[in-house]
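User: I would like to learn how to read a structure like this one. Please take me through its features one at a time.

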Amino acid sequence: ITGRLVYGESKGDRWCREDDYDIPPPLGDKERKLPNIIVVRRGNCSFVTKIRIAEEEKDAVAVIVVDTLGSSRTPSEIQ
């Protein structure tokens with residue numbers, strides 16, 4: 001997938017509401033043509049909710065969910 005990798009800082013609800021984060025605007029025409037790949041963190045709601053918000057409200061074509069800050073989980077434990 002080719003796209004614009006973007007991250008919007010949560011305003012406190014951990015990316016679980018449409019109004020909880022904003023993504024930065026594209027920088028120029030070239031970036032404007034790229035689809036959004038949004039990075040969010042785990043926590044407070046289901047992956048389905050996080051992805052639905054990113055796809056439907058933030059125009060994401062892909063979502064990367066990263067583990068919570070300071071987590072000691074290994075990749076095999078997350079699977």
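User: Is cysteine 16 buried or exposed, and what is its relative accessible area?

Analyst: First, the ground rules. This is a predicted model, where local features need pLDDT of at least 70 and side-chain atom pairs count only at pLDDT 80 or more, while totals for chains, interfaces and linings use all residues. Residues are numbered from 1 along each chain as its sequence is written, and side-chain values use heavy atoms, with hydrogens and water left out. Now the term: buried means under 20% relative accessible area, exposed over 50%, partly exposed in between (1.4 Å probe, protein chains only). Cysteine 16 is buried, at 12%.

User: And which class does cysteine 45 fall into?

Analyst: Cysteine 45 is partly exposed, with 21% relative accessibility.

User: How many disulfides are there?

Analyst: A disulfide is a covalent bond between the sulfur atoms of two cysteines. The rule here asks for a pair of cysteine sulfur atoms within 2.5 Å. That gives 1 disulfide. Cysteine 16 pairs with cysteine 45, and their sulfur atoms are 2.1 Å apart. The link is left-handed, at -95 degrees about the S-S bond.

User: Which parts does the pair tie together?

Analyst: Cysteine 16 sits in the loop between β1 (4–7) and α1 (28–32), and cysteine 45 in the loop between β2 and α2, so the link joins parts 29 residues apart in sequence.

User: What pattern do the elements follow along the sequence?

Analyst: Helices (H or I, at least four residues) and strands (E, at least two) are DSSP runs, numbered from the N terminus. The protein has 3 helices and 3 strands. Their order is β-α-β-α-β-α.

User: Which residues make up the largest nonpolar core?

Analyst: In soluble globular proteins, nonpolar side chains tend to be buried together. A core here is a set of buried Ala, Val, Leu, Ile, Met, Phe, Trp, Tyr and Cys residues joined through side-chain atoms within 4.5 Å. The largest has 8 residues: Val6, Trp15, Tyr21, Ile38, Val40, Ile53, Ala54 and Ala60. Two elements, β2 (36–41) and α2 (47–58), each give two or more residues to this core.

User: What does tryptophan 15 touch?

Analyst: Contact means heavy atoms within 4.5 Å. Leaving out residues up to four places away in sequence, tryptophan 15 touches several partners, including Tyr21, Val40 and Ile53. Cys45 is also one of its contacts.
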